[in-house]
Amino acid sequence: MPPPGGFEAIKYKRNLPFRGPSGLVILGGVMAVCAYGFYRVGKGNLEKRELQREKVWSRIHLVPLLLAEGDRDTYRRQQAALEREREIMKDVPGWEPGKSVYNNPNHRSAETIVVI
């Protein structure tokens, strides 16, 4: 005969402990991390663009200085070449240093043209 009040209930349900956050919580966390990463990439792109613009403008502002330095160097080399020619050809009567050896007024020596 059963005891008074009946038998104790049979525990047939699975007793699984809580095993971490749900899939939606993980998905939300991944999306938040990705959103923050894209935000940082965007900020980095803006910074890189600003540095590139600054580099371009600094180069634009340095061009006249570099051209003037090149012109001074060219002038110094040309004067040194004329002085060497004058020293080498000092014993030749009628020699003019720097004068073209081509007796043609249409001949011009190569000129450097800088196009910016």
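Visitor: How many residues does helix α1 have, and how far does α1 reach from its first C-alpha to its last?

Guide: This is a predicted model, so read every value as computed from that prediction. Helix α1 covers residues 23-88, which is 66 residues. From first C-alpha to last, α1 reaches 91 Å. At 1.5 Å a residue, 98 Å would be expected, and the span found is close to that.

Visitor: Where in α1 does a kink lie?

Guide: Look at L62. The kink there is about 35°. The proline P64 follows shortly after L62.

Visitor: What does the secondary structure of the protein come to in helices and strands?

Guide: The count is 1 helix and 0 strands. Next, take the radius of gyration, which is 44 Å for the protein. The globule rule gives 13 Å for 116 residues. The value is well over that, so the protein is more spread out than a compact globule.

Visitor: What does the C-alpha trace span along its principal axes?

Guide: About 150 × 25 × 25 Å. A single pair of residues gives another view. G20 and Y75 are 55 residues apart in sequence, yet 79 Å apart in space, C-alpha to C-alpha. G20 sits in the segment before α1. Its relative accessibility is 26%, so G20 counts as partly exposed.

Visitor: What percentage of the 116 residues is buried?

Guide: Buried residues make up 1% of the 116. The cut-off for buried is under 20% relative accessible area. The accessible surface of the protein comes to about 11,800 Å². Carbon and sulfur atoms account for 61% of that surface.

Visitor: Now the charged side chains. How many salt bridges does the count come to?

Guide: The general idea is that side chains of opposite charge can pair when their charged atoms come close. Here the count comes to 5 salt bridges. Take R76 and D73, one of these pairs, whose closest N and O atoms are 2.6 Å apart.

Visitor: How many residues apart are R76 and D73 in helix α1?

Guide: General idea again: an α-helix has 3.6 residues a turn, so residues three or four places apart point the same way. R76 and D73 both lie in α1, 3 residues apart, which is about one turn of the helix.

Visitor: Which side chain does that of R77 meet in a salt bridge?

Guide: The side chain of D73, at 3.1 Å from N to O. D73 and R77 are 4 residues apart in α1, again about one turn. D73 is partly exposed, with a relative accessible area of 29%. R77 is exposed, at 54%. The line between the two classes is 50%.

Visitor: Which residue does E83 pair with in a salt bridge?

Guide: R86, with the closest N and O atoms 3.0 Å apart. Both residues lie in α1, 3 residues apart, or about one turn of the helix. E83 has 44% relative accessibility and counts as partly exposed. R86 has 41% and also counts as partly exposed.

Visitor: Which residues do salt bridges that share partners join into one network?

Guide: D73, R76 and R77. The partner to look at is D73, which forms a salt bridge with R76 and another with R77.

Visitor: Last, the nonpolar surface. Which residues make a nonpolar surface patch?

Guide: V92, W95, V101 and Y102 make a patch of about 390 Å². To place one of these residues on the chain, take Y102, which is found in the segment after α1.

How values were computed:
Residues numbered from 1 in each chain as written. Predicted model: local features only at pLDDT ≥ 70, side-chain atom pairs only at ≥ 80, totals over all residues. Heavy atoms only, no water. Helix = DSSP H or I, 4+ residues; strand = E, 2+ residues; numbered from the N terminus. Expected span 1.5 Å × (residues − 1). Bend = angle between axes of the 7 residues up to and from the residue. Salt bridge = Lys/Arg side-chain N within 4 Å of Asp/Glu carboxyl O. Buried < 20%, exposed > 50% of the residue type's maximum accessible area, 1.4 Å probe, protein only. Patch = residues over 30% accessible without salt bridge, like charges linked within 9 Å, V, L, I, M, F, W, Y side chains within 5 Å. Areas by Shrake-Rupley, 256 points an atom, 1.4 Å probe, with all protein chains shown as cover. Rg over C-alpha atoms; globule rule 2.2 N^0.38 Å.
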